[in-house]
Amino acid sequence: MAEDLEPRFHSLGSLSEPINESNPAGRSEPTGKRNPVRNSEPVLRFPPGKQLKDFPFWEWFEAVDGCDFCGAKYQVRVTYVDDSGYFGDVEYRVSHAEDCAERFDEELNTAESIFDMAGWEFTDKPVTVLGKQFLPLKTRANIGPCLNCGKLVIGVPLILFIDEGRGGELDFCSLCFEKLGLWKELK
Ligand SMILES: [Zn+2]
Ligand SMILES: [Zn+2]
């Protein structure tokens, strides 16, 4: 591991959804000056090769995202993992707050749960973004991980495509995307 990989900001630019939708806090406008702490933070990296099978099996745990209205987190459990360990099925549900408008939502009300396919595979080439190294995903089923916090994302992740997707993709939850300052890098 001799040399650092080149940051590839020029090729980061595709988002899976419009910026304003999942950024209710509002995006701070870049001022043009570099963030002074960007290189002093320790290298942070999603556990290399973490698989679906590394999550608890048949045991409810919290996803990173949840109901947009009341803020209740999705709960998720892994119900099946295939022989590879990377792919399988999960079940998820959400317990809305008493006064949440989504409480009686037809698709996912408090009494319901939904099954979906989950899983992902990594590329073998890490990339450096804002001084942090990440191993991009080569493929992902409907549900995959946030590559920063390592939790599962039930809704739509924010995606940075590496080399227009040829180098895989970096998926993040909206909280980490914000925390890492990635909005600025998309300008
Ligand atoms: Zn809710
Ligand atoms: Zn995250």
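Predicted model: local features only at pLDDT ≥ 70, side-chain atom pairs only at ≥ 80, totals over all residues.
I then picked Val 153 and listed what it touches. Leaving aside neighbours within four places in sequence, Val 153 is in contact with Ala 63, Val 64 and Asp 65, with Ile 143, Gly 144, Pro 145 and Cys 146, and with Asp 171 and Cys 173.

**Overall layout**

I stepped back to look at the whole chain. I find 11 strands and 2 helices, and reading along the sequence I get β-β-β-β-β-β-β-β-β-β-β-α-α. Of the 187 residues, 30% count as buried. I also looked up contact range: among contacts between residues at least 6 apart in sequence, 60% join residues at least 24 apart.

**Following the strands**

I started at β1 (residues 61–66), which runs antiparallel to β2 (residues 73–81) and is joined to it by 3 bridges. Gly 66 sits opposite Lys 73 of β2. The hairpin of β1 and β2 has 6 residues between the strands, and there I noted Gly 71 with a positive phi near 85°.

From β2 I moved on to β3 (residues 87–94), where the pairing is antiparallel over 7 bridges. Here Val 78 has Val 90 of β3 as its bridge partner. The hairpin of β2 and β3 has 5 residues between the strands, and Gly 85 takes a positive phi near 85° in it.

β3 also pairs with β4 (residues 114–122), antiparallel, over 6 bridges. I marked Glu 91 opposite Phe 115 of β4. Then β4 goes on to β7 (residues 137–140), again antiparallel, with 3 bridges. In that pair Phe 122 faces Leu 137 of β7.

**Asp 171**

Asp 171 lies in β11 (residues 169–172). Buried or exposed? I count 25 other C-beta atoms within 10 Å, so Asp 171 is buried; the cut-off for that is 20 or more.

What does Asp 171 touch? Not counting residues up to four places away in sequence, I wrote down Leu 137, Arg 140, Gly 144, Pro 145, Cys 146, Leu 147, Val 153, Pro 157 and Ile 159. I checked the spacing to Arg 140: 31 residues apart in sequence, 9.5 Å apart in space, C-alpha to C-alpha.

Trp 58 is one of them: its phi is positive, about 55°, although it is not a glycine. I found Trp 58 in the segment before β1. Trp 58 counts as exposed because it has 9 C-beta neighbours inside 10 Å, and the limit for exposed is 12 or fewer.

Leu 130 went on the list too, with a positive phi near 50°. Where is Leu 130? I placed Leu 130 in the loop between β5 (127–129) and β6 (132–134). Leu 130 has 18 C-beta neighbours inside 10 Å, so I logged it as partly exposed.

Technical notes: Residues numbered from 1 in each chain as written. Chains lettered and ligands numbered in written order. Pairing = 2+ DSSP bridges. Helix = DSSP H or I, 4+ residues; strand = E, 2+ residues; numbered from the N terminus. Contact = placed C-beta atoms within 7 Å.
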